[in-house]
Number of protein chains: 2
Amino acid sequence: MNKILRVNLTNGAMTTVPVPNRWRKLTGRALTSTIVYEEVPPTCHPLDGSKNKLVFSPGFLSTSLASSAGRLSVGGKSPLTGGIKESNSGGTLAAAIGNLGYRAIVLEGESHRWQVLVLTKDGMALEPADDLVGRTSYDAADALRRRYGQRIAMAIIGPAGALRLPTAAIMVSDMDGVPSRPAARGGLGAVMGSKRLQAIVVDSGGMKKNPPANPKKLRAATKRFAQALMAHPASGKSLPIYGTDALVGPIDRLGGLPTHNFRSGSFEGAAGIGGEQLREIILARGGKTTHPCMPGCVVQCSNIYLGPDGVERVRGLEFETIVLSGSNLSIDSLDVVAELNRLCNLYGLDTIEIGAAMGVAMDGGLLSFGDGAGAVNMLGEIGKGTPLGRLIGSGAVAVGRALGLTHVPAVKGQAMAAYDPRRLKGTGVTYATSPMGADHTAGNCLPNTVLPGVGPIDTTKREHQVELSRYLQKVAAAFDSLGLCWFSRYPILDDPTLLLDMLEAQVGGGWTWDGLLDLGWQTVQTEVMFNQAAGFTEADDRLPDFFREEPLPPTGDTFDIPQGEVLQTLKP
Amino acid sequence: MNKILRVNLTNGAMTTVPVPNRWRKLTGRALTSTIVYEEVPPTCHPLDGSKNKLVFSPGFLSTSLASSAGRLSVGGKSPLTGGIKESNSGGTLAAAIGNLGYRAIVLEGESHRWQVLVLTKDGMALEPADDLVGRTSYDAADALRRRYGQRIAMAIIGPAGALRLPTAAIMVSDMDGVPSRPAARGGLGAVMGSKRLQAIVVDSGGMKKNPPANPKKLRAATKRFAQALMAHPASGKSLPIYGTDALVGPIDRLGGLPTHNFRSGSFEGAAGIGGEQLREIILARGGKTTHPCMPGCVVQCSNIYLGPDGVERVRGLEFETIVLSGSNLSIDSLDVVAELNRLCNLYGLDTIEIGAAMGVAMDGGLLSFGDGAGAVNMLGEIGKGTPLGRLIGSGAVAVGRALGLTHVPAVKGQAMAAYDPRRLKGTGVTYATSPMGADHTAGNCLPNTVLPGVGPIDTTKREHQVELSRYLQKVAAAFDSLGLCWFSRYPILDDPTLLLDMLEAQVGGGWTWDGLLDLGWQTVQTEVMFNQAAGFTEADDRLPDFFREEPLPPTGDTFDIPQGEVLQTLKP
């Protein structure tokens with residue numbers, strides 16, 4: 001992973017250069033955010049393909065075959081927030097890019113015709129893709145696999161990306177070649193669409209791999225890590241059995257489950273969308289309750305959800321999707337939620353932002369809460385590109401604006417995920433302060449997370465939430481920079497040597513936990529600097545007022561961390 | 001005008017207090033902006049009626065019966081820009097408010113039911129208005145005149161305000177009681193709608209007027225001013241004959257007439273929408289080529305436009321409306337433009353923002369350029385509150401976002417008026433730097449405006465545009481603070497004693513031209529401070545990149561004033 005590939009879509013030039021010295025310690029999010037900071041004019045229009053760039057980077061561990069370590073980082077200026085964006089996905093593309101020796105692919109410029117970027121051990125090419133535009137991501141991916149072989153990995157946009165909607169995702173293929181692992185948040189699919197790049201296709205087959213620094217040590221370290229993952233109750237038991245949807249019960253009981261457009265923290269239909277119900281349906285219909293999104297993963301928190309007819313509906317039906325298009329819309333049917341997820345995948349959309357946008361639309365009277373068929377139809381409008389579809393596809397803030405509403409759960413233009421900040425206050429701090437906007441993946445403070453030197457933190461209290469958010473924002477940025485899945489934190493935060501050993505074996509010596517936290521911190525600070533140059537100020541680092549003013553049933557709690565404290569979170 | 005009326009819509013409390021000492025020299029925009037700065041939390045949601053306020057204030061001269069001096073200032077936090085907004089209108093309301101002795105009416109809080117605020121010499125009341133909601137502004141105004149008498153003055157919202165669209169205007173009645181004089185820009189109609197106030201009705205009949213400081217001197221000064229207005233070629237000849245539409249020809253010949261969504265500066269159908277054609281149609285159909293919007297006006301630049309059937313279509317058909325819904329949409333029919341204007345008035349919409357939004361919609365393929373019938377239908381959707389209507393009614397930036405477009409002529413979320421900044425560069429500086437967003441009324445630098453100490457400025461050159469914009473932004477803020485129409489500048493900038501004499505006669509001594517420029521400067525600086533606290537930075541003080549990059553046919557000019565110079569415009 002010692003090369004940077006720059007692809008200029010305007011003139012078709014493709015250039016491979018060695019990694020510059022100043023970037024030698026950077027991969028993943030640390031690298032994508034640094035390249036965006038250094039090279040994208042902060043005030044440019046995010047859809048101006050001549051200025052904005054789209055950067056793909058695997059992490060140092062993405063080619064190691066370690067469990068939960070093959071994630072991909074995608075960076076650019078966000079059409080949704082107007083700030084910097086790092087969006088992150090599982091799937092097989094990160095390893096494929098890394099195995100070809102690329103530390104980053106930087107897409108520059110914009111083409112007048114639709115193309116596919118094809119990378120193999122033998123070379124690279126931009127090939128015509130006019131026949132794929134407007135087709136669903138799944139359909140277009142099928143065509144690409146037929147054209148370039150079943151073993152390819154890919155990143156592909158769907159109709160939403162071609163429409164340049166600010167909720168458009170970049171869909172990354174899983175181990176079966178199905179583009180079901182989105183780099184979803186922040187509309188980077190629209191940036192790819194603005195460059196008229198339909199897909200990146202990578203075939204790393206036949207490539208002689210760069211050997212790790214110490215293969216024997218790596219085998220031992222990855223084995224120890226896998227064992228630690230399996231030994232932890234979260235990554236070894238709850239996630240493999242129920243998937244991420246295991247959280248519905250606990251978050252509902254905590255009173256922090258977004259319901260009815262964030263008007264309640266508890267959903268009477270929670271059992272109908274929870275992990276046990278999900279598992280029961282999957283087992284009864286012959287689906288898969290566990291499924292890996294990347295090679296080597298022992299957690300396998302993904303799943304394959306079938307319809308009553310036994311035909312696959314969607315894979316990777318996850319907690320955030322289920323909440324945003326379930327309880328948040330007062331919909332208690334997993335079949336409806338799965339259909340909404342399926343359509344989002346086909347069109348290439350962020351399920352969180354779309355679920356939140358539909359919640360706001362329901363609050364404004366465009367649809368009734370609980371109307372699953374109506375929600376499916378509304379999502380269908382996006383695929384057709386109708387005015388209604390384009391409005392919903394513009395995201396929660398745009399819908400709130402068009403409907404004249406103040407109750408819109410978003411920060412910096414991006415909707416919140418499945419954690420109400422009135423009961424998950426550390427996550428509220430992350431929503432408010434992360435340069436990503438309201439993004440749980442930037443530092444999600446789940447109940448009883450241990451803050452070093454303090455102990456487990458009660459997320460419903462005011463104390464220590466700012467410190468916890470700051471700590472987890474560093475950890476998340478570090479993990480995003482190495483290719484690590486967030487679920488690998490369960491054993492690593494207890495014993496960082498699990499990670500340090502793998503890094504030393506894969507990359508070479510000189511890693512410390514403090515050094516990794518510092519890498520995370522520097523990465524976040526780089527992102528903050530980009531945002532400041534783009535026009536963000538402390539006035540943007542705040543939750544909407546209603547979280548402080550409207551008590552959340554059933555607990556009646558509010559977000560009550562003083563704004564002055566919130567603003568300290570990312571202060572140097 | 002020594003009292004402030006505070007109306008709390010939440011609990012119905014109405015309080016009259018003397019003007020505090022610190023505001024004693026402030027009226028109009030100077031006062032509305034100061035009150036918004038002092039009392040509205042800068043980060044609040046503009047539609048949060050419990051925090052945002054709506055302030056109405058006449059100017060010192062609004063009750064003087066001087067020509068062109070009866071304008072009304074309306075202030076609040078803008079739902080369109082997210083910054084401070086002062087929107088300004090003609091009509092009879094400013095004088096009526098002033099004659100009742102109020103220097104400002106401050107609307108606070110929000111009601112659960114729709115109401116009308118009624119002010120007379122005998123008192124004040126909030127009365128039910130449920131029967132008016134959803135009716136057009138004209139229809140509702142008819143009902144109010146039947147209910148409260150034909151001599152009332154009023155400010156009223158239409159369906160757009162009730163829908164809380166960020167393009168909603170506040171419609172102010174003219175001398176015939178017709179609500180045809182909008183305080184249009186920035187969506188303050190939605191702020192009024194968020195408070196569920198349908199209208200303010202003022203009957204100042206029977207009120208004993210506060211006498212001016214020196215009645216005899218005032219008569220002499222207003223007479224001299226009226227004579228000077230009539231003696232100036234612009235205010236005495238061009239405006240009375242052709243109205244503001246006189247500008248179509250010169251701006252088209254200059255190559256700065258927004259055409260085809262700001263893709264050309266010259267329109268082949270310009271003659272069809274120009275002042276001579278307008279005059280010809282009005283005369284042929286028996287309309288009025290001159291019509292005053294306020295008592296005492298000698299310029300009378302307004303008009304009454306009839307359809308081919310001889311029935312009134314719209315009054316006050318103005319240059320900016322004609323350009324934004326004419327050449328900007330490649331529509332060359334004044335009948336179509338008049339129909340679009342009529343619908344905007346009925347729904348209570350900003351014609352500039354809606355014209356710009358439809359231009360962007362046409363650019364994005366929602367409608368064909370030149371399709372007048374389609375444009376009329378599209379506007380009709382706003383009145384019906386359909387998703388398409390709500391999208392267009394969200395303004396040009398929202399439409400651009402939903403359609404994934406970069407070519408959107410707006411600054412700080414607000415669309416530009418009828419002057420392309422590539423050929424009217426000083427106005428471009430104003431668009432970029434005014435705290436109001438891209439608002440020509442904040443400092444419109446027309447060709448050959450004289451910059452003191454320099455002489456007439458060529459708007460197509462780079463030189464002196466920043467100084468000219470700074471100077472005119474001060475003048476505009478001062479005029480907006482006194483109740484003066486912008487057209488009164490023609491004689492006043494040549495001879496400020498015309499204004500100083502009127503002020504001294506009306507208010508009392510101690511006025512200087514430098515003092516007025518300083519009042520304007522302080523007002524703009526107050527607005528800048530509000531915006532900074534609301535989260536605006538220098539990154540917001542810029543034109544969209546395409547104005548610097550895309551040469552404007554037919555001259556091929558770009559906006560080429562260095563950004564570093566632009567940023568100096570409002571620096572202390």
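Helices, in these legends to a predicted model, are DSSP runs of type H or I with at least four residues, numbered from the N terminus.

**Close-up 1. S325(B) in the loop between helix 11 and helix 12 of chain B.** The loop that holds S325(B) runs between helix 11 (319-324) and helix 12 (334-347) of chain B. With 30 other C-beta atoms within 10 Å, S325(B) is buried, because the count meets the cut-off of 20 or more. Although S325(B) and V336(B) stand 11 residues apart along the chain, their C-alpha atoms are separated by 8.6 Å.

**Close-up 2. The contacts of S325(B) beyond its neighbours within four places in sequence.** When those neighbours are left aside, S325(B) is in contact with I331(B), V337(B) and L340(B), and also with T351(B), G355(B), M358(B) and A375(B).

**Close-up 3. The packing of helix 13 against helix 16 in chain B.** Helix 13 (residues 351-363) and helix 16 (residues 396-403) of chain B pack at an angle of about 15°, their axes lying 8 Å apart. The two helices of chain B are therefore roughly parallel, since angles under 35 degrees count as such, and helix 13 of chain B passes helix 16 of chain B in a right-handed crossing. On the side of helix 13 of chain B, the contact is made by E353(B), A356(B), A357(B), V360(B) and A361(B), while helix 16 of chain B contributes A396(B), V399(B), G400(B) and L403(B). By class, the residues of this contact divide into 7 nonpolar, 1 polar and 1 charged.

**Confidence of the predicted complex.** The predictor gives the complex an ipTM of 0.96 and a pTM of 0.97, and chain A averages a pLDDT of 97, with 100% of its residues scoring at least 70.

Conventions
Residues numbered from 1 in each chain as written. Chains lettered and ligands numbered in written order. Predicted model: local features only at pLDDT ≥ 70, side-chain atom pairs only at ≥ 80, totals over all residues. Buried ≥ 20, exposed ≤ 12 C-beta atoms within 10 Å, placed from the backbone. Contact = placed C-beta atoms within 7 Å. Axes fitted to C-alpha atoms, helices over the stretch in contact; angles between N-to-C directions. Parallel < 35°, antiparallel > 145°, perpendicular 65-115°, else oblique. Left-handed = near helix turned anticlockwise from the far one by under 90°. Nonpolar A, V, L, I, M, F, W, Y, C, P; charged D, E, K, R; others polar. pLDDT = per-residue confidence, 0-100.
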